[in-house]
Amino acid sequence: MASDYPDIDIAPYIDHALLMPTATIEQAKHWCEEADRYGFASVCVYPTHVRLAAELLHGKKPKVCTVIGFPSGAHSSSVKLYEAQEAVENGATELDLVINLGWVKSGDTEAVHREVAEICEESGQPVKVILETTLLTDTEKRWVAEVSMDAGAAFLKTSTGWHGGATIADIRLLKEVARDRVGIKASGGIRTLEQALELIMAGATRLGTSRGVDLLRQRDRLDKEES
């Protein structure tokens with residue numbers, strides 16, 4: 001039960017994600033309003049909504065996050081770089097980058113490092129590297145995490161959510177590899193307060209979820225039941 005865990009304020013951990021292919025302008029506005037109202041770390045939207053989000057959240061606490069090479073990671077490096085640069089020009093202050101999983105499966109550490117390093121350097125903003133952990137072996141997770149950190153990543157992120165989500169085991173593995181050098185973002189399938197708290201206790205410093213408001217309501221209901 002959530003009552004067995006420390007009373008953690010999870011709002012500052014949450015990247016309020018709106019990454020449905022059908023996401024509308026009105027939904028993007030609503031997500032930004034919620035991110036501001038509840039004090040979430042960021043709102044994470046598609047590149048087409050970045051300019052709007054930057055305008056709505058100007059001078060406010062939540063950061064504007066967007067995705068690069070999403071969801072497959074198989075775009076060319078030049079396309080990803082352009083996408084990242086355009087997003088920053090439009091107001092993005094964090095970038096969630098999907099790596100090229102084909103390179104990972106081929107063991108091409110040089111190509112992975114080059115792509116991540118170029119985007120980190122040229123964008124000038126914190127980059128969260130999405131490993132898509134459900135598709136990787138533990139050995140692959142470890143070397144990709146090391147390469148990503150060496151290339152300048154600010155966070156290691158588990159998943160896009162399109163191929164499964166974050167697990168406690170993967171968060172612990174990434175925490176072990178990271179040794180507090182970078183942040184760790186758990187993403188995908190986070191639907192309950194218990195899950196969120198367990199991921200934080202395992203080492204997650206961010207939570208990517210579209211259900212942030214519901215998680216806070218679950219905490220409120222629990223508090224009322226215990227009072």
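The buried residues of helix α8 pack against α7 (168–178), β7 (183–187), β8 (206–209) and α9 (212–226), where contact means heavy atoms within 4.5 Å. Helices (H or I, at least four residues) and strands (E, at least two) are DSSP runs, numbered from the N terminus. Helix α8 itself covers residues 193–202, and its buried residues are Leu193, Ala196, Leu197, Leu199, Ile200 and Ala202. Here buried means under 20% relative accessible area, exposed means over 50%, and partly exposed lies in between, with a 1.4 Å probe and protein chains only. An α-helix has 3.6 residues a turn, so residues three or four places apart point the same way. After α8 comes glycine 203, with a positive phi near 135°.

The model is a predicted one, in which local features need pLDDT of at least 70 and side-chain atom pairs count only at pLDDT 80 or more, while totals for chains, interfaces and linings use all residues. Residues are numbered from 1 along each chain as its sequence is written, and side-chain values use heavy atoms, with hydrogens and water left out.

On the scale of the whole protein chain, the secondary structure comprises 9 helices and 8 strands. The radius of gyration is 17 Å, close to the 17 Å that the globule rule gives for 227 residues, so the chain is as compact as a globular protein of that length. That radius is taken over C-alpha atoms, and the globule rule is 2.2 Å times the number of residues to the power 0.38. The C-alpha trace spans about 55 × 40 × 30 Å along its principal axes. Of the 227 residues, 53% count as buried. Among contacts between residues at least 6 apart in sequence, 69% join residues at least 24 apart. The chain exposes about 10,200 Å², of which carbon and sulfur atoms supply 49%; these areas come from the Shrake-Rupley method with a 1.4 Å probe, and for residues only the protein chains shown count as cover.

The charged side chains come next. The protein chain has 25 positive and 35 negative side chains, and the centres of the two sets lie 2 Å apart. Lys and Arg count as positive and Asp and Glu as negative, with His and the chain ends not counted; the place of a charge is taken as NZ of Lys, CZ of Arg, CG of Asp or CD of Glu. A salt bridge is a side-chain nitrogen of Lys or Arg within 4 Å of a carboxyl oxygen of Asp or Glu, and the count by this rule comes to 19.

One of these salt bridges joins lysine 60 to aspartate 36, with the closest N and O atoms 3.5 Å apart. This pair links distant parts of the chain, 24 residues apart: lysine 60 is in the loop between α2 (50–56) and β3 (63–68), and aspartate 36 is in helix α1. Lysine 60 counts as partly exposed at 42% relative accessibility, and aspartate 36 is partly exposed at 33%.

Aspartate 96 and lysine 157 also form a salt bridge, at 2.8 Å from N to O. Aspartate 96 lies in strand β4 (residues 94–98) and lysine 157 in strand β6 (residues 155–157), so the pair ties together parts that are 61 residues apart in sequence. Both aspartate 96 and lysine 157 are buried. They belong to a network of salt bridges that links Asp15, Glu94, Asp96, Lys128, Lys157, Lys185 and Arg206.

A further salt bridge, between arginine 114 and glutamate 110, has its closest N and O atoms 3.8 Å apart. Arginine 114 and glutamate 110 are 4 residues apart in helix α5 (residues 109–123), and are therefore separated by about one helical turn. Arginine 114 is partly exposed, with a relative accessible area of 49%, whereas glutamate 110 counts as exposed at 57%.

Not counting residues up to four places away in sequence, glutamate 34 touches His16, Phe40 and Val213.

Lysine 80, in helix α3 (residues 77–89), counts as buried at 0% relative accessibility. Beyond four places in sequence, lysine 80 touches several residues, among them Ile68, Leu97, Glu115 and Ile119. Glutamate 132, in the loop between β5 (127–130) and α6 (138–150), is buried with a relative accessible area of 0%. Its contacts beyond four places in sequence include Pro71, Leu101, Lys157 and Thr160. The C-alpha atoms of glutamate 132 and threonine 160 are separated by 6.4 Å, although the two residues are 28 apart along the chain.
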